[in-house]
Amino acid sequence: MQRVVIAGLGDTGVLTALRLARRFEVVGISAKPGLLSGQELGVRVARPQEWSRDYWTTFDRFRGLDRVRTVHGTITGVDLAARSVDVDTGPEPYDVLVISTGVTNGFWRRPDRQTAEQIDAQLLAVHARLAAASTIAVIGGGAAAVSAAANLASALPRAAVDLYYPREHALPQHHRRVWRRVERRLAAAGVGLHGGHRAVVPDHADEITTGPVEFSTGQPSVHADAVLWAVGRVRPNTGWLPAELLDEHGFVRVTRHLQVPGHPEVFAIGDVAATDPLRASARSRADALLARNIAAFVDGTPLREYRPPTRRWGSVLGAQRDGLEVFTPGGQAFRFPAWAVRNVLQPLIVKRGIYRGVRTPGE
């Protein structure tokens, strides 16, 4: 049986493993002992226990991963000629390699090796730091920043929350209709909106800091008890890979079939893969295409091309008390009522359908 090694078990890595496990011997390598999602930053910092219920799942709870051997370790290198991944727990040979090690982005997406206890403590510590603040400045114009501002304002009504973004409007990678709708929700939540403010990003922006925040666009500096930097300064987790596989920004070069040029047995997916300007394979369910292409490569049959969306889509604010609002690439909004999110969307569509069964804690 062919062995597939998946380097990185984040959202796309887990989904790919679930699809491949029925046919191949699959080994997944992760610095975490479970799926610690990079989604829904706002809910994560504002309501960490609620976020953990849906977005932090140890690997033993996934029924579909029962056939997958998971390795809790740090990847240190790869021998492309010998087809072996170097891990601090020992080498892992492969017939096919999937690179899905993601990116580092702020305090919420890091490649550090952690235990479940350390992850739980960090989630609560970040929330406690923000909950103790009387003034919170959120810096950035993407979905992570917008979501953080909205959710913190809702969860911490005694705090003054302000959002600073560099352009006239936020969410530039979404359809303009999305920002117009979200802007109204931010204003209703009491978030101060400050367009045209391009912050000077400090070296320590991967942490929650204390003001002041300086702006290169001429506005006076801003002081805040807590500053959350969500400026999209992502760095690919590719230090373990040879330079020949990477583009000028350090992301993994791929063909339209998600294969690494010159190494057809190596594939890449997710935020680490240079598929398109938005690196959208992390959010457009490209795991299905990838699994099919890996099977086709092994069988010697034609592979299919990945066609990325041109705009961001999906949820922006995450689940709220009145439900979950999801946006299409064209900016249309669809709302799932709160009862449907809790009783249908999460247990049936996500956990049973997408993730092929998730055990309750302790089961």
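Two salt bridges were counted between domain 1 and domain 2, a salt bridge being a side-chain nitrogen of Lys or Arg within 4 Å of a carboxyl oxygen of Asp or Glu. Arg110 pairs in this way with Glu207, their closest N and O atoms lying 2.9 Å apart. Helix H2 (residues 41-46) contributes the most to the side of domain 1 that touches domain 2, namely five residues; helices here are DSSP runs of H or I with at least four residues, numbered from the N terminus.

A word on the model: it is predicted, with local features requiring pLDDT of at least 70 and side-chain atom pairs counted only at pLDDT 80 or more, while totals for chains, interfaces and linings use all residues. Residues are numbered from 1 along each chain as its sequence is written, and side-chain values use heavy atoms, with hydrogens and water left out.

The domain assignment of the protein chain gives domain 1 as 3-115 + 234-313 and domain 2 as 133-229, with bounds that come from an automatic or database assignment. Their C-alpha centres are 30 Å apart. Across the boundary, 15 residues of domain 1 are in contact with 14 residues of domain 2, contact meaning heavy atoms within 4.5 Å.

Turning to area, the two domains bury about 1300 Å² between them, and 55% of this is on carbon and sulfur atoms; buried area is the accessible area (1.4 Å probe) that two parts lose on being put together, summed over both. Within domain 1, the residues that lose the most area to domain 2 are Phe107, Arg311 and Arg312, which together supply 33% of what that side buries.

Methods. Helices (H or I, at least four residues) and strands (E, at least two) are DSSP runs, numbered from the N terminus.
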